[in-house]
Amino acid sequence: MTRKTWAFEDLTVGRSIDLGHKDVTAEEIVEFAAEYDPQPMHLDEEAGRASILGGLSASGWHTCSMYMRLLCDAFLLDSTSQGAPGIDQIKWKRPVLAGDRLGGSITVLAARESKSRPAIGIVSFRSELFNQRGDAVLELDNSIMFLKREAQA
């Protein structure tokens, strides 16, 4: 097994990890919406402009999926992550429109050792995504379980 870079011990309170960037295209908005959230404002530019969203907009679930990809690429795939027990909150702060460039970070809010599984630590995070204008588009709070460094040997 290849040793992962990020383990529980590396995720100290206050640590922030840059998630990189993602350019959002009209084609992917429509493709995702057609499969998973076929509301008119996610499928058609005119319908999007006629809505309160102001243009062809990504589904909130699409925004979450793009966030997850950024998270995986930034650090999760090179970590000892054992999954997450759930999401505490998701806030879609502003619409994500075709042509937006998303970027953001994930910050450690708390970290504790598991009482029932000594090889695992539980880390609470706040994640934020912003568009190219610096407007917050997503805020997400959740916990992720990570193996401790000695447990990955």
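To start, I wrote down what a pocket is: on a 1 Å grid over the protein atoms alone, a pocket is an open set of points where a 1.4 Å probe fits, with protein on both sides within 12 Å along at least five of seven lines, and its lining residues have an atom within 4 Å of a point. A volume is the space filled by probe spheres set on the points, with grid points joined across faces, edges and corners. I also noted that this is a predicted model, in which local features need pLDDT of at least 70 and side-chain atom pairs count only at pLDDT 80 or more, while totals for chains, interfaces and linings use all residues. Residues are numbered from 1 along each chain as its sequence is written, and side-chain values use heavy atoms, leaving out hydrogens and water.

I looked up the second largest pocket and found about 150 Å³ of space. It has 13 lining residues, with Tyr67, Met68, Ile87, Leu140 and Asn142 closest to its centre. By class, I listed ten nonpolar, three polar and no charged residues for the second largest pocket. Ala, Val, Leu, Ile, Met, Phe, Trp, Tyr, Cys and Pro count as nonpolar, Asp, Glu, Lys and Arg as charged, and the others, Gly among them, as polar.

Next came the largest pocket, with a volume of about 200 Å³. Its lining has 16 residues, and His42, Ala58, Ser59, Gly60 and Trp92 lie nearest the centre.

**Salt bridges**

I found ten salt bridges in the structure, each a side-chain nitrogen of Lys or Arg within 4 Å of a carboxyl oxygen of Asp or Glu. One of them joins Lys91 and Glu139 (4.0 Å, N to O). Lys91 is in strand β2 and Glu139 in strand β5, so this pair ties together parts 48 residues apart in sequence. Are these two buried or exposed? Glu139 is buried, at 11% relative accessible area, and Lys91 is partly exposed at 37% (buried is under 20%, exposed over 50%, partly exposed in between, with a 1.4 Å probe and protein chains only).

I then checked Glu113 and Lys148, whose closest N and O atoms are 3.2 Å apart. Glu113 sits in strand β3 and Lys148 in the segment after β5, 35 residues apart. Lastly, I noted a network of salt bridges linking Arg94, Arg133 and Asp135.

Methods
Helix = DSSP H or I, 4+ residues; strand = E, 2+ residues; numbered from the N terminus.
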